[in-house]
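This report is meant for someone opening this structure for the first time. Please look through the sequence and the model below before reading on.

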Amino acid sequence: MRLLTGLVENGVRDVVLAPGSRSQALALAAVGLARSGALRVQVRIDERVAGFTALGIARESGAPVALICTSGTAAAGFLPAAMEAFHSGVPLILLTADRPPELRGVGANQATIQPGMYGAWVRLGVDAEVPGSADPAVFSTLAVEAAAAAMGAAGAGLTGVPGPVHLNLPAREPLSGALPDALPVIAGPPPRPAAADPLPVAPGPRTVVVAGADAGPDAERIAREGGWPLIAEIVSGARFGDHVVPDYRARLRDPALADRIERVIVLGHPTLSREVTALLGRTDLEVIAVRRGGERLNLSGAAVDAGAIAVTGPDADRTWLAEWTRAGTSTPDARALAGPAAALDRTALVQAVWTASGADDRLLFGSSRLVRVADQVLPGARVRVHANRGLAGIDGTIATGIGIAAAAQTEPAAGTVRVLLGDLSFLHDVGSLLLPADEPPPRIQVIVGNDGGGTIFDGLEVAGTAGSAALDRVFYTPQSVALAPLAAAYGWTYRRVGTRAELERALADEVTGPQLIEVPLDR
């Protein structure tokens, strides 16, 4: 109880829990705090789904989110979300219930080796004392330390970089007792990430700013203040403003431009193009990498690690910026290529979703072929974008979107959350469609580009080396799942759209609850 109230006093507003016996005291305390209005509680039966739901809430809110589970394999279910949180710099506090020390290593039921189980993926790991055997004040102190470490406090190893924290919580029987209906607590203000000392950067060298996933608007500000070109991935949250480089892949392949770069300032985690990867691996230029996750970005072996950037003045050479941002050959608009009744392709799909998303909406890209198409063709716009690109996995995409919606809906003006993903990413996380009836329904549209398998492998080396049968069986993994009855089974509204006009109407619908939109695509 002291632990949870301490977390609330230090800015935690959300708890996601999966039911279990050993964690019952934590779960009941969380519900009691929710009745008092101090917490919002989400319940999921699957710990993996719970982990990514919490990840989505923390991504959107920027505040640490607590996760609660019982002992045993339940705790392992949090690992994928913890790994993504570590690499993306997202604050989570993992509260795993455990057997007391005397029941560890002796074959007790549902007991495994939980202390340290998240290894290097947490900022802080503590095997706590057993309640009743320690001064209760210990748990208040532990709450302060956990919240601070999750937000990147000095001494947590990565100052200014949020990330996951693990508190392993052993308990002896009896595992819970009677609690009052409401548990009063004074909620603390939302925490802010610890401030890192900025690195001064002066004009002079021919510079480009690269914005990868989780870069945020800081990348656009740095490019604007320095007068430099901005290479912004679609998942960066920085693809807007006058400094954005159109068709950046082609520009980076042009030696007349790329070979003259002398310095790169990179924010976030670039993952969507080989051209940017090659640029950051060059040893003939200076790379300054602003850390956003738990690992340094140092592909060249000589990058300068920075917590923040302070631009000391604009570059006087405006021709450098003009060369990069001049209008060039652009991808034809799908509207010009096909009428409203024509079948959709991937370009038309991503353009329609991008156009439909306004300043109050949120857009989450799944790790599929569609995000790469979007990165190639979409123009700049101020859209609030999310993506799990810390490890660029397909796991937990729907759950992350539902978590984003849960956090966004605390704001009165929040719009629709849209999740754009492929069919395999959707099926990988289909259990996330199960939502408790007593929780506010998320205003979310999950848009599935369904081409019947993993066609992203068309663009990888394996497509040219594997035989067609092997390619189909172990890479494309063809599927023909009927999504309409699947949506009905989970209580989601379902629409199948085949033309641009139908898709635009579906995206423009009022969203009062969860919707699934299926877009069949050519394989």
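## Two crossing helices

A crossing of two helices is called left-handed if the near helix is turned anticlockwise from the far one by less than a right angle, and right-handed if the turn is clockwise. In this predicted model, the crossing of helix H1 and helix H6 is right-handed. Two packed helices are described by the angle between their axes and the distance between the axes. For H1, residues 2–9, and H6, residues 137–150, the axes come within 8 Å and cross at roughly 35°.

On the side of H1, the contact is made by Arg2, Leu3, Gly6 and Leu7, which meet Ala137, Phe139, Ser140, Leu142, Ala143 and Ala146 of H6.

## Confidence in the model

The mean pLDDT of the protein is 92, and 95% of its residues reach a value of 70 or more. Over residues 329–337, however, the pLDDT is below 50, and this stretch has 12 contacts in the model beyond its near neighbours in sequence. Where pLDDT is low, the predicted coordinates should not be read in detail.

Strand E3, which spans residues 65–69, is mostly covered, with five of its five residues buried. In a regular strand the side chains alternate between the two faces of the sheet. On one side of E3 the buried residues are Val65, Leu67 and Cys69, and on the other they are Ala66 and Ile68, so that both faces are covered.

E3 runs parallel to strand E1, residues 14–17, to which it is joined by three bridges, and Val15 stands opposite Ala66 in E3. E3 also runs parallel to strand E4, residues 92–98, with five bridges between them; here Val65 stands opposite Leu92 in E4.

## A sheet of five strands

Five strands form an open sheet with parallel pairing, in the order E9-E8-E10-E11-E12. Strand E9 (230–232) and strand E12 (304–306) stand at the edges and have a single partner strand each, so one side of each is left without a neighbour in the sheet. From one strand to the next, the twist averages 20°. Within this arrangement, strand E8, residues 207–211, pairs with E9 in the parallel sense over three bridges, and Val210 stands opposite Ile231 in E9.

Ser273 is placed in the loop between strand E10 (263–267) and helix H10 (274–280). Is Ser273 buried or exposed? The cut-off for a buried residue is a relative accessible area under 20%, and Ser273 counts as buried because its relative accessible area is 5%.

Leaving aside neighbours within four places in sequence, Ser273 is in contact with Glu233, Tyr248 and Arg249. The C-alpha atom of Ser273 is also separated by 9.3 Å from that of Gln376, although these two residues are 103 residues apart along the chain.

## A sheet of six strands

Another open sheet, also with parallel pairing, has six strands in the order E15-E14-E16-E17-E19-E18. Its edges are strand E15 (384–387) and strand E18 (493–496), each with a single partner strand, so one side of each is left without a neighbour in the sheet. Neighbouring strands of this sheet are turned by 20° against each other on average, direction ignored.

Strand E16, residues 417–422, is mostly covered, and six of its six residues are buried. Val417, Val419 and Leu421 are buried on one side of E16, while Arg418, Leu420 and Gly422 are buried on the other. E16 pairs with strand E14, residues 362–365, in the parallel sense over four bridges, and in that pairing the bridge partner of Leu364 is Val419 in E16. Strand E17, residues 444–450, runs parallel to E16 and is joined to E16 by six bridges; Arg418 stands opposite Gln445 in E17, and Gly422 stands opposite Gly449 in E17.

## Helices lying across the six-stranded sheet

Helix H13, residues 346–356, lies across E14, E15, E16, E17 and strand E19 (515–520), and runs at about 170° to E16. Helix H15, residues 397–408, lies across E14, E15, E16 and E17, and runs at about 175° to E16.

Note on methods. Residues numbered from 1 in each chain as written. Predicted model: local features only at pLDDT ≥ 70, side-chain atom pairs only at ≥ 80, totals over all residues. Heavy atoms only, no water. pLDDT = per-residue confidence, 0-100. Contact = heavy atoms within 4.5 Å. Axes fitted to C-alpha atoms, helices over the stretch in contact; angles between N-to-C directions. Helix = DSSP H or I, 4+ residues; strand = E, 2+ residues; numbered from the N terminus. Buried < 20%, exposed > 50% of the residue type's maximum accessible area, 1.4 Å probe, protein only. Pairing = 2+ DSSP bridges.
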